[in-house]
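Morning, everyone. Have a look first.

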Amino acid sequence: MSPLISAISTHHPLTRRALAAVAAIVAFVATIVTANLLTARYGLVPVGFGLTATAGTASAGLTLLLRDAVHQIAGRIVTLLCIAAGAALCAGLASARLALASACAFLISEMTDLLVYERLRAHRGWMWAALASNCIGAPVDSALFLALAGLPIWAAMPGQVWVKTVACAISLAAVAVSRALLRHRLRPPCP
């Protein structure tokens, strides 16, 4: 084994945490870019049940959950830096009006999500804090974005909230199942 590979051994807890932080940050940034590019390109799209939402809504919903993951793994300072970088990315990815709407909605909803998450995490655990913070951050993001972008709020708001709720629920379910499987796998065998 090369010295470089042995120095970056993934068996060391700090290295695993650093790799998890980088993965969460990269996923967070990727969902921001994806949400903005899809919305700029396709605008409003049908999302089922006669509802419409912006094309990047599912990705925007995942962004809120990934912000919680970045906070859990990397801490508050890194999370605030990621939020600032995300707002800057939003501002640079679309037309002036869409960029302003996206950046403002992103910044305010992510900060709202962060405040709720921080208050609940210690008392209720990651899963409940993420769920509650996303339930508040998603409608804030949707209402602000739609209003500032000049899109029909009442026509698109139900679809926006629906898609973000589904994206969050699927992601949280995947995390819950993964945690349960890991706990089961790590549990010592019964004698």
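K164 and D141 form a salt bridge, with the closest N and O atoms 2.5 Å apart. By salt bridge I mean a side-chain nitrogen of Lys or Arg within 4 Å of a carboxyl oxygen of Asp or Glu. K164 sits in helix α6, residues 153–186, and D141 in helix α5, so this pair ties together parts that are 23 residues apart in sequence. Helices here are DSSP runs of H or I, at least four residues, numbered from the N terminus.

Are these two side chains buried or exposed? K164 counts as buried, because its relative accessibility is 3%. D141 is buried too, with a relative accessible area of 11%. The cut-offs: buried is under 20% relative accessible area, exposed is over 50%, and partly exposed is in between, using a 1.4 Å probe and protein chains only.

A word on the source. This is a predicted model; local features need pLDDT of at least 70, side-chain atom pairs count only at pLDDT 80 or more, and totals for chains, interfaces and linings use all residues. Residues are numbered from 1 along each chain as its sequence is written, and side-chain values use heavy atoms, with hydrogens and water left out.

How many salt bridges does a search of the whole structure find? The search gives 5.

Next, R67. R67 pairs with D113 in a salt bridge, 2.6 Å from N to O. D113 is in helix α5 and R67 in helix α3, so the pair ties together parts 46 residues apart in sequence. D113 is buried, at 0% relative accessibility. R67 is buried as well, at 1%.

R67 also forms a salt bridge with E110; there the closest N and O atoms are 3.6 Å apart. E110 lies in helix α5, so this pair links parts 43 residues apart in sequence. E110 is buried, like R67.

Salt bridges with shared partners join R67, D68, E110 and D113 into one network.

Last, the two helices themselves. Helix α3 covers residues 57–74, and helix α5 covers residues 96–149. Their axes come within 11 Å and cross at roughly 45°. Axes are lines fitted to C-alpha atoms, for helices over the stretch in contact, and angles run from 0 to 180 degrees between N-to-C directions. So α3 and α5 are oblique to each other. For the cut-offs, under 35 degrees is roughly parallel, over 145 roughly antiparallel, 65 to 115 roughly perpendicular, and the rest oblique.
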